[in-house]
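I opened the file and looked up a few loop residues, then the sheet. My notes follow in the order in which I made them.

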Amino acid sequence: MPIMKTWPIWIAGTIVLAAVLHILTIFALPYGIMDRAMAGIAAQAGGVNKAVYPDPVTAASRGIVRPSPDLLYTACVYDIGARPLRITSPVPDTYWSLSMFASNTDNFFVVNDRQTKAGRIEIILATDDTAKSGNDTPVVIAPSSRGIILFRSLIASDAARPEVDALRRQSRCEPL
């Protein structure tokens, strides 16, 4: 077969290969990113379903995407495949937020200090709504059995840092 007649086959094959690689990358990359992030956080915490309280961020910090030196972070890798998780935290008298990320990087739940009552939050994280706690504790349904929980607390001043740090160290992610 002459070379002139095979070039359309090569072009079509290249386009198909590029499309397949593109689709695989788009779908697989978020999971790879989260697997790497979860492995790092779990290693620092000593396992899953345990909170880690990293040092304040610096210009060299990259454990969290686009970290802010005005925030103290607490992170937890959750694994609710076997049992739901109880998430508790005091809410300081400053900006505070709790974000939950699925295994594909989707942010599926956020709550901040303005949405909480009584200066404390308690949430049950589960894969379905059968994880009733017997009281009025809200149940959040996760789209994946593994992911990351990220707490953020604003440091309004250097004088407030010790108090905010002590409060964030009371944040917990514990199996029911």
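**Loop residues and the sheet**

I began with D106 and left aside its neighbours within four places in sequence; D106 is then in contact (heavy atoms within 4.5 Å) with M100 and F101. I was working on a predicted model, where local features need pLDDT of at least 70 and side-chain atom pairs count only at pLDDT 80 or more, while totals for chains, interfaces and linings use all residues. Residues are numbered from 1 along each chain as its sequence is written, and side-chain values use heavy atoms, with hydrogens and water left out.

I placed D106 in the loop between β4 (96-102) and β5. Strands (E, at least two residues) and helices (H or I, at least four) are DSSP runs, numbered from the N terminus. D106 has a relative accessible area of 42%, so I noted it as partly exposed; buried means under 20%, exposed over 50%, and partly exposed in between, with a 1.4 Å probe and protein chains only. I also checked D106 against M34, 72 residues apart along the chain, and found 9.9 Å between their C-alpha atoms.

Next I looked up T137. Is T137 buried or exposed? It is buried, at a relative accessible area of 11%. T137 sits in the loop between β6 (120-126) and β7 (139-141). Beyond four places in sequence, T137 is in contact with E122, I123 and I124.

Then I went to N49, in the loop between α1 (3-45) and β1. N49 counts as buried because its relative accessibility is 12%. I found a polar atom of the N49 side chain 2.9 Å from the backbone nitrogen of D79. Outside four places in sequence, the contacts of N49 include C76, V77, Y78, L85 and C173.

V77 stands opposite I148 in β8.

How values were computed: Pairing = 2+ DSSP bridges. Polar contact = N/O pair within 3.5 Å; in protein donor to acceptor, adjacent residues only side chain to side chain.
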